[in-house]
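Please read the following report alongside the sequence and the model. It takes up salt bridges, chain contacts and the nonpolar core in turn.

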There are 4 protein chains.
Amino acid sequence: MSKFKGVVPPVVTPLNDDFTVDYASYTRVLEHLIDGGCHGVFVLGSTSEVVFHDEKTRREIIEHSAKVVNGRVPLLVGVIDPTTDRVIAHSKIAKAAGADAVVVTAPFYTVTSQSEILDHFRYIRDAVDVPLVAYDIPVCVHVKLQRQTVVTLAKEGTVIGLKDSSGDDGNFRYALLDLADHEDIFLMTGSEIVVDNALLMGAHGVVPGIANVDPHGYVRLWDAAQRGDWAAARREQERLCRLFEIVWVAQGRVSGGAAGIGAFKAAMKSLGIIDTAIMPRPRAALNAEETARIDAILKNTGLL
Amino acid sequence: MSKFKGVVPPVVTPLNDDFTVDYASYTRVLEHLIDGGCHGVFVLGSTSEVVFHDEKTRREIIEHSAKVVNGRVPLLVGVIDPTTDRVIAHSKIAKAAGADAVVVTAPFYTVTSQSEILDHFRYIRDAVDVPLVAYDIPVCVHVKLQRQTVVTLAKEGTVIGLKDSSGDDGNFRYALLDLADHEDIFLMTGSEIVVDNALLMGAHGVVPGIANVDPHGYVRLWDAAQRGDWAAARREQERLCRLFEIVWVAQGRVSGGAAGIGAFKAAMKSLGIIDTAIMPRPRAALNAEETARIDAILKNTGLL
Amino acid sequence: MSKFKGVVPPVVTPLNDDFTVDYASYTRVLEHLIDGGCHGVFVLGSTSEVVFHDEKTRREIIEHSAKVVNGRVPLLVGVIDPTTDRVIAHSKIAKAAGADAVVVTAPFYTVTSQSEILDHFRYIRDAVDVPLVAYDIPVCVHVKLQRQTVVTLAKEGTVIGLKDSSGDDGNFRYALLDLADHEDIFLMTGSEIVVDNALLMGAHGVVPGIANVDPHGYVRLWDAAQRGDWAAARREQERLCRLFEIVWVAQGRVSGGAAGIGAFKAAMKSLGIIDTAIMPRPRAALNAEETARIDAILKNTGLL
Amino acid sequence: MSKFKGVVPPVVTPLNDDFTVDYASYTRVLEHLIDGGCHGVFVLGSTSEVVFHDEKTRREIIEHSAKVVNGRVPLLVGVIDPTTDRVIAHSKIAKAAGADAVVVTAPFYTVTSQSEILDHFRYIRDAVDVPLVAYDIPVCVHVKLQRQTVVTLAKEGTVIGLKDSSGDDGNFRYALLDLADHEDIFLMTGSEIVVDNALLMGAHGVVPGIANVDPHGYVRLWDAAQRGDWAAARREQERLCRLFEIVWVAQGRVSGGAAGIGAFKAAMKSLGIIDTAIMPRPRAALNAEETARIDAILKNTGLL
């Protein structure tokens, strides 16, 4: 059985006014997640705003995370950059800094075929002795990891799992069916508003960004699903869906990406988890009016 | 008047078998382009496979290019990475290493609004004292630099020019019209199969990838346009269109990106300009059968 | 409470060699679905290849369907054409011919805004006294019925329900939540490989194309969900997912649309439900090799 | 040589308050175009809002157009509907009503492969003895007529020409090159803001929607190109580009389609060519403020 499973939030990266990482807040985020019962943490993913960080900062973030987590839960680390050899370099750093697994997307900026994606993962696996998790996120890389690509990589041992943030839950289900006999493979969904569904389908893990705000809710949802109480799972998910509406509060004024992660940060600041809601350039932070609307949602969903 | 104009090819980056840069071949490429009459060179762009190169290699490429070019023509340098502060870091390096201007895309991997794109360029301009050229390449970054965005950046002095690889030639024409009174702004097209059209519209420069294979052709086309001989410009462009068909030879077996630049490299090797046609991972080089078909096209268009 | 609910298959339209409707087979399809326990039928939808039929044929299909169904289950009728007034004309015919409700998409061919979509539905509702169901099918009409559009139309009484074939199950969930207090509104999903999920979320109905092949399976799935036996619902859905793989057998040789509905027809012919697997022009029917592969899937899923 | 060539505007369809065709205005539009020197007219295309009209109205429009045109210029007729047999029915009507050629898109609403598109055109050609023109308009039908598809259909005699409204001017150039030896084939562009370019490339005709407002401008542009005066062609095109900006005046408040054709109608009403600027449902007409801005553009470009 895989040691990876359960609620594995993608960890928000709090910043200081000068755009450096606010490690005091960052530590509190990790403790908040682990205290909340999360089964793992995923740092340097899209929610962590990984592509805004240079190599040196990424290394510090991993090292800091490894020190704080200290083996209490598995540490997954995103190694996100456009091409194979740059991902290999990040993967070596991540391994050295304490990652339990690295999370790898398809190449981006370049237009890539499924065949090249297969080679991409194989080259990385050959170059670094660290478990790989495939990260399917077409909204960022603009290519889908097709069902056959994921299944091939899993069956041949190139990857140990999948984080599916494609929103294509039917395709995710087929990956679950195709790999049902491979107990060592773990398949996680990023579709955070239908986690009850994913667990009913047999998903091994979930990667909800908004668990940064409310880890306890997702852990309750996970626990309800484990004991087969699907009505309770649904109720918890529905409350979390209402919470998730914070991501649309600033949409239109700022981009969808800035609105979503900006909302996570604004909510975490209102809840006292982090000290500032600073966003990396060129993203703008949410304003006071937007933050007030987010606070209202936090109150309506029982968090504030 | 801008010092930038004319035929400014995006320079192919030849590689050794171990994927390091083959600088001997690289020097020959630059000499081939300058000897061919090109009015500038653009290194570390998409055709240069910039996102496959790490920071150290990029710096070496710029330094090597600056040494070879040695002021004979302007040196434009792509500073392509996903986010603002990483682009600023590349820009500082490029300036120090001898760039006459840096070429900047919209952010990528992250989803970005036009307002964030404006800020992105302004933050870079504020941070580095080097002329900026906006690079519109939605096929790679998945967002278009809208007409109003480009015009605003140009009029306020944030950018000195545009490289338009969007294929939206109507939009490019409106940028030309909107900026007709700004003599210091130069607008270049990457639509390399309709360069005669772009010049008829008043484009100040062209950035044809296939000029790596045949710089003389594009210089003849440029010269014909300058003297108003549009029939000759069209004839030259039509021959170059037939040459351009090399980019589709391997398409399907490999991705479009690998097929296109792989074809440039294969042709340049056949013509003796570079020593190998190696592609960076995970891209595969063209095979013998494909290379033979490319050679046939080179013969049909008078190059071999 | 709405009289519409449960398993409501989109009915396949069997054809003769001369492309006229094979009404003998068509009658058998309807009886097969009603005998299988389906709670309604939806004729002249995308699966019925509605846009291949002219006005006269559509009228005959509705009249024939109404005669066969004879009030045993509700009869929903697609009124699919590009623009408002043409849909109004179809709706009047459908009402006169016995439809219990008509199913209406956004305009297509023309590019349409959400505001125009609101007006489209309102004009139709004003013009015809027949219940309207909104049909969200961006793969065909290339615009999504946004959450706010559906909720507005439902709350103001313009539509009585939704058939969601968008694949955006998160958005569907929000529609369920937003309309939870409106007992008279019924929301159906077309995501036929995650029907267990949709029912767990509270969907009122499902519209699975492949129920033409296996209505009993979807009715068992529906019944399991009604009694809260989610493990049984999942098992049945997983078997149906394996059956659903018939839709990809011919993909590549023919278009996705022809491969999917062609597979339904080939399977129904193999099962003796219809006499031919003819496809309307320019679609090609599946060939013998493909049909053999479909038969193998039918055997593996217990149908043949 | 083809009898089709030159400026062939897609004819706007003026409406009465009750959405019937305002034939008095319609007659004036046709006379305005023919008096303006246009070389043909194209009725029942996208600019004519063809998909808003039912079969009976379409037949009347064709008959009325044939009577007014009376052989002075060729009459091209759009036969736009989703599928093959419905297009055949329209084509028979169009031929009987006096069409010199019919203009046929790929199927729409259904998802269609290039192979099915080939068959679609061939079935139509076999069924009706009227010349076919292929109409490439992916913004409406959501599939591109690929270069090879067009060239195959032209070389085998299935189509006599192309109206390219895809905006892919590079692809259009390759069609021109591939068919350069086929004198009987005529290739027209719908890229109305780069008509000088298309003519420099060798296009045989142009189909500018805004020629409804200013046919004389496009005829002057055509004439300049015929005598090789490309500087004059460019100047005329640039003025027409400034005129074309009317299509964006209402964009945002209404959809792009409604904004564009609504602007044509508003301008034609201001110029006294038509009596009303009514739009078919669900499109809204432009308002007074928008019409005032359009009038200002008409003045600035010398028309009012």
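Predicted model: local features only at pLDDT ≥ 70, side-chain atom pairs only at ≥ 80, totals over all residues.

Because D:Asp178 belongs to helix H7 (residues 169–178) of chain D and D:Arg147 to helix H6 (residues 147–155) of chain D, the pair ties together parts that are 31 residues apart in sequence. Helices (H or I, at least four residues) and strands (E, at least two) are DSSP runs, numbered from the N terminus.

## Other salt bridges

Over all chains, the count by this rule comes to 101 salt bridges. One of them joins D:Glu31 to D:Arg72, with the closest N and O atoms 2.9 Å apart; since D:Glu31 lies in helix H1 (residues 23–35) of chain D and D:Arg72 in the loop between helix H2 (55–69) and strand S3 (75–78) of chain D, this pair ties together parts that are 41 residues apart in sequence. D:Glu31 counts as partly exposed at 27% relative accessibility, and D:Arg72 counts as partly exposed at 42%.

A further salt bridge links D:Asp229 with D:Arg227, whose closest N and O atoms are 3.7 Å apart. Here D:Asp229 is partly exposed, at 29% relative accessibility, whereas D:Arg227, at 58%, is exposed. Elsewhere, salt bridges that share partners join A:Arg58, A:Asp81, A:Arg86, B:Arg58, B:Asp81 and B:Arg86 into one network.

C:Arg173, C:Tyr174 and C:Leu200 supply 30% of the area that chain C buries against chain A, more than any other three residues. Each chain brings 23 residues to the contact, contact meaning heavy atoms within 4.5 Å.

Six salt bridges are counted between chain C and chain A, and C:Arg173 forms a salt bridge with A:Asp196, with the closest N and O atoms 2.7 Å apart. The elements giving two or more residues to the side of chain C that touches chain A are helix H7 (169–178), helix H8 (195–201) and helix H10 (230–244) of chain C, and the largest share, seven residues, comes from H10(C).

Chain B and chain C do not touch, and their nearest C-alpha atoms are 14 Å apart. Likewise, no contact joins chain A and chain D, whose closest C-alpha atoms lie 14 Å apart.

## The largest nonpolar core

The largest nonpolar core has 478 residues, and those with the most contacts inside it are A:Leu76, B:Leu76, C:Leu76 and D:Leu76. Such a core is a set of buried Ala, Val, Leu, Ile, Met, Phe, Trp, Tyr and Cys residues joined through side-chain atoms within 4.5 Å. Leaving aside neighbours within four places in sequence, B:Leu76 is in contact with residues including B:Phe4, B:Val41, B:Val103, B:Phe186 and B:Met188.

## Conventions

Residues are numbered from 1 along each chain as its sequence is written, while chains are lettered from A and ligands numbered from 1 in the order in which they are written. Local features need pLDDT of at least 70 and side-chain atom pairs count only at pLDDT 80 or more, whereas totals for chains, interfaces and linings use all residues, and side-chain values use heavy atoms, with hydrogens and water left out.

How values were computed
Buried < 20%, exposed > 50% of the residue type's maximum accessible area, 1.4 Å probe, protein only. Buried area = accessible area lost by both parts, 1.4 Å probe. Salt bridge = Lys/Arg side-chain N within 4 Å of Asp/Glu carboxyl O.
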